[in-house]
Amino acid sequence: VVVVAELTGLPAGVHAMHVHDVGRCEPPFTTAGGHYNPGLRQHGVRNRNGYHAGDLPNFSAPATGTARVDVITQNFTLGEGPTTLFDPDGSSIMIHSGADDYASDPGGNAGTRIACGVITRSAAEPAR
């Protein structure tokens, strides 16, 4: 899956980005649940026991607050199967106020949830 995020209005600095379990984004975004984790692993790419499928790399936002993030992952799918993001409660993408330390479980010590978006199918995508 190629994740492309075009973001505006962010505070300058390094931010964590994760896919979360639930496709709901009511502030303060706790309705999005925890990190997407169908493999029931621990958090962080530095964790020797594996990491959450929703753990994505940190990115930097410049002073303009506008950033584009491109990430490729094989940890989830948009199709059918046990790692689909389109399970009955959906999924969301979350931006955090700080950087992910890639180790602390469960959330990487990434700070507060500052932006959230529900992951939806594109109108151009064929029906399944």
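What follows is a working chat about a predicted model.

User: What are the ground rules on numbering and confidence?
Analyst: Residues are numbered from 1 along each chain as its sequence is written, and side-chain values use heavy atoms, with hydrogens and water left out. This is a predicted model, where local features need pLDDT of at least 70, side-chain atom pairs count only at pLDDT 80 or more, and totals for chains, interfaces and linings use all residues.

User: How many disulfides does the structure hold?
Analyst: One. A disulfide here is a pair of cysteine sulfur atoms within 2.5 Å.

User: Which cysteines, and how far apart are the sulfur atoms?
Analyst: Cys 25 and Cys 116, with their sulfur atoms 2.0 Å apart.

User: Left-handed or right-handed?
Analyst: Left-handed, because the torsion about the S-S bond of Cys 25 and Cys 116 is about -55°.

User: Is Cys 116 buried, exposed or in between, and what are the cut-offs?
Analyst: Cys 116 is partly exposed, at 21% relative accessibility. Buried means under 20% relative accessible area, exposed over 50%, and partly exposed in between, with a 1.4 Å probe and protein chains only.

User: New topic. How many aromatic pairs are there?
Analyst: One aromatic pair. The rule takes rings of Phe, Tyr and Trp (its six-membered ring) with centres within 6.5 Å; planes under 30 degrees apart are stacked, over 60 edge-to-face, and the rest tilted.

User: Which residues, and what geometry?
Analyst: Tyr 36 and Phe 76, edge-to-face. The centres are 6.3 Å apart, and the planes make an angle of 85°.

User: Where do Tyr 36 and Phe 76 sit in the chain?
Analyst: In distant parts, 40 residues apart. Tyr 36 is in the loop between β3 (17-20) and β4 (59-61), and Phe 76 is in the loop between β5 (67-72) and β6 (92-96).

User: Are those two buried or exposed?
Analyst: Tyr 36 is buried at 3% relative accessible area. Phe 76 is buried too, at 5%.

User: What about Thr 77?
Analyst: Thr 77 is in the loop between β5 and β6. Its relative accessible area is 23%, so Thr 77 counts as partly exposed.

User: What lines the largest pocket?
Analyst: 16 residues, each with an atom within 4 Å of a point. Val 3, Val 4, Ala 5, Ile 93 and Ile 119 lie nearest the centre.

User: Which elements give two or more residues to the lining?
Analyst: β1 (2-7), β6 and β7 (113-118). β1 gives the most, with five residues.

User: How does the lining split by class?
Analyst: 15 nonpolar, one polar and no charged residues. Ala, Val, Leu, Ile, Met, Phe, Trp, Tyr, Cys and Pro count as nonpolar; Asp, Glu, Lys and Arg as charged; the others, Gly among them, as polar.

User: Now histidines. Where is His 15, and what does its side chain reach?
Analyst: His 15 is in strand β2 (residues 13-15). Its side chain reaches the backbone oxygen of Pro 11 at 2.7 Å. His 15 is buried, with 1% relative accessible area.

User: And what does His 52 contact?
Analyst: The side chain of His 35, through a polar contact of 3.1 Å. A polar contact is a pair of N or O atoms within 3.5 Å; within protein, one must be able to donate a hydrogen and the other to accept it, and residues adjacent in sequence count only if both atoms are side-chain atoms. His 52 lies in the loop between β3 and β4 and is buried at 5% relative accessibility.

User: Last one: which peptide bonds are cis?
Analyst: A cis bond joins Pro 27 and Pro 28, with omega about 5°. Another joins Asp 105 and Pro 106, with omega about 15°.

Methods: Helices (H or I, at least four residues) and strands (E, at least two) are DSSP runs, numbered from the N terminus. On a 1 Å grid over the protein atoms alone, a cavity is a set of points where a 1.4 Å probe fits but cannot get out, and a pocket is an open set with protein on both sides within 12 Å along at least five of seven lines; lining residues have an atom within 4 Å of a point.
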